Amino acid sequence: MSEAAWWRHLRGDPGRFLLDESEPGVVWRAQVELLGRPHDSPAAVRAREQARRTGLAAGVLEGQEPPGYWGSPGGYGVRWGGTAWRVSALAQLGADPEDPRVERGAATLLESLQPRDGGFSPARGKIPSSCFTAEVCAALARFGFAHQPRVREAMAWLASRPVQDGGWSCPDLRHLVGGSCPIAAVAVLRLVGELPESERRRATQLSSRAASYLTEHDLFARGGAPRGWLAFSWPNLGRTDLIDALAALALAERPGDASVTASLPLVIAGQDETGRWRQHAGSPYGEPVGVPGRWVTLRALVAISRYGETVPAITAE
């Protein structure tokens with residue numbers, strides 16, 4: 001990995017760890033999101049195609065029924081085995097968008113989602129959820145469905161939701177911090193980050209609202225944080241954390257303000273002596289808890305590479 005100004009924040013070189021072919025999804029996303037390689041570069045294409053056969057994304061695909069769903073067609077929101085969560089996990093774990101199984105899964109999910117217009121709910125009869133809607137739309141956008149009418153309607157629904165403490169309300173009261181849902185705000189930023197560049201301007205309202213909610217709360221670096229905010233993990237399904245928020249801000253191309261640079265040292269301090277971050281919290285389909293995580297490390301480096309040049313080096317002990 002080439003050295004840059006933000007490299008001074010690292011206690012070691014995680015390059016070999018990240019680019020290990022045992023987790024090709026990480027290799028693909030590191031090539032694109034961290035090293036700036038084009039999606040069609042030979043190394044990126046090779047890793048993306050290898051993710052069909054090896055790594056965490058390949059494991060998520062196991063058990064898929066031929067029509068494209070997991071479990072039962074009507075149980076798309078069953079935690080954590082339903083189609084919605086599987087497709088979201090595939091998107092977060094670097095599954096190949098051109099894999100026919102991935103395409104079938106995303107198409108089947110889109111057809112299954114309820115209600116039929118506006119936001120989505122995890123099950124029939126439940127009210128639509130902002131965080132669930134944003135997470136699902138982010139996954140569908142990753143797999144090329146951003147232009148589908150139901151995705152566009154869901155994005156318009158998110159934009160039209162009443163403002164609660166700067167963000168979005170949530171039917172799951174466990175998610176709320178001061179009346180709003182941090183999971184929804186971070187998932188909205190993930191969604192915007194997955195849109196084609198030509199589409200991002202149309203999502204400026206969503207992006208600005210989500211970013212403003214997080215920065216106005218100082219990314220919860222000064223207290224009042226959601227549960228698990230400093231327990232880093234990936235994939236993040238129905239949860240979020242500080243690394244997730246900063247990486248989502250970076251990939252949505254949001255500028256860093258004082259609250260971003262003030263919270264980044266909390267991430268930098270979480271690395272081990274080799275420049276890697278551990279998987280702190282259990283996550284469906286994720287890496288084992290307590291060991292250095294390739295995905296968590298990649299997400300941390302994406303945030304540091306975007307915002308770290310304005311933060312003084314703090315890694316020396």
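Helix α5 is followed by Gly-94, a residue with a positive phi, near 75°; helices here are DSSP runs of H or I with at least four residues, numbered from the N terminus. The model is a predicted one, in which local features need pLDDT of at least 70 and side-chain atom pairs count only at pLDDT 80 or more, while totals for chains, interfaces and linings use all residues. Residues are numbered from 1 along each chain as its sequence is written, and side-chain values use heavy atoms, with hydrogens and water left out.

Helix α5 spans residues 83–92 and is mostly covered, with ten of its ten residues buried (under 20% relative accessible area, with exposed over 50% and partly exposed in between; 1.4 Å probe, protein chains only). Among these buried residues are Trp-85, Arg-86 and Gln-92. The buried residues of α5 pack against α4 (56–60), α6 (100–112), α7 (130–142), α9 (182–194) and α14 (294–307), contact being heavy atoms within 4.5 Å.

Helix α2 (residues 24–34) is largely enclosed by the rest of the structure, because eleven of its eleven residues are buried. The buried set includes Trp-28, Arg-29 and Glu-33. Packing partners of the buried α2 residues are α1 (15–18), α3 (42–50), α7, α12 (242–251) and α14. Helix α2 is followed by Gly-36, whose phi is positive, near 75°. The charged end of Arg-29 sits over the ring of Trp-28, 4.4 Å from its centre; the criterion is NZ of Lys or CZ of Arg within 6 Å of the ring centre and within 35 degrees of the ring normal. Arg-209 likewise lies over the face of Trp-168, at 4.1 Å from the ring centre.

The largest nonpolar core has 94 residues, of which Leu-214 and Trp-277 touch the most other members. Such a core is a set of buried Ala, Val, Leu, Ile, Met, Phe, Trp, Tyr and Cys residues joined through side-chain atoms within 4.5 Å. A second, separate core of five residues includes Trp-28, Val-32, Ala-44 and Ala-47.

Five aromatic pairs were found in a search of the whole structure (ring centres of Phe, Tyr and Trp, the last by its six-membered ring, within 6.5 Å; planes under 30 degrees apart stacked, over 60 edge-to-face, the rest tilted). The rings of Tyr-213 and Phe-220 have centres 6.2 Å apart and planes at 65°, so this pair is edge-to-face. The rings of Phe-220 and Trp-229, with centres 5.2 Å apart and planes at 85°, are therefore also edge-to-face. Phe-220 and Trp-229 are both buried. Trp-80, Trp-85 and Phe-132 form one aromatic cluster.

Key: Helices (H or I, at least four residues) and strands (E, at least two) are DSSP runs, numbered from the N terminus.
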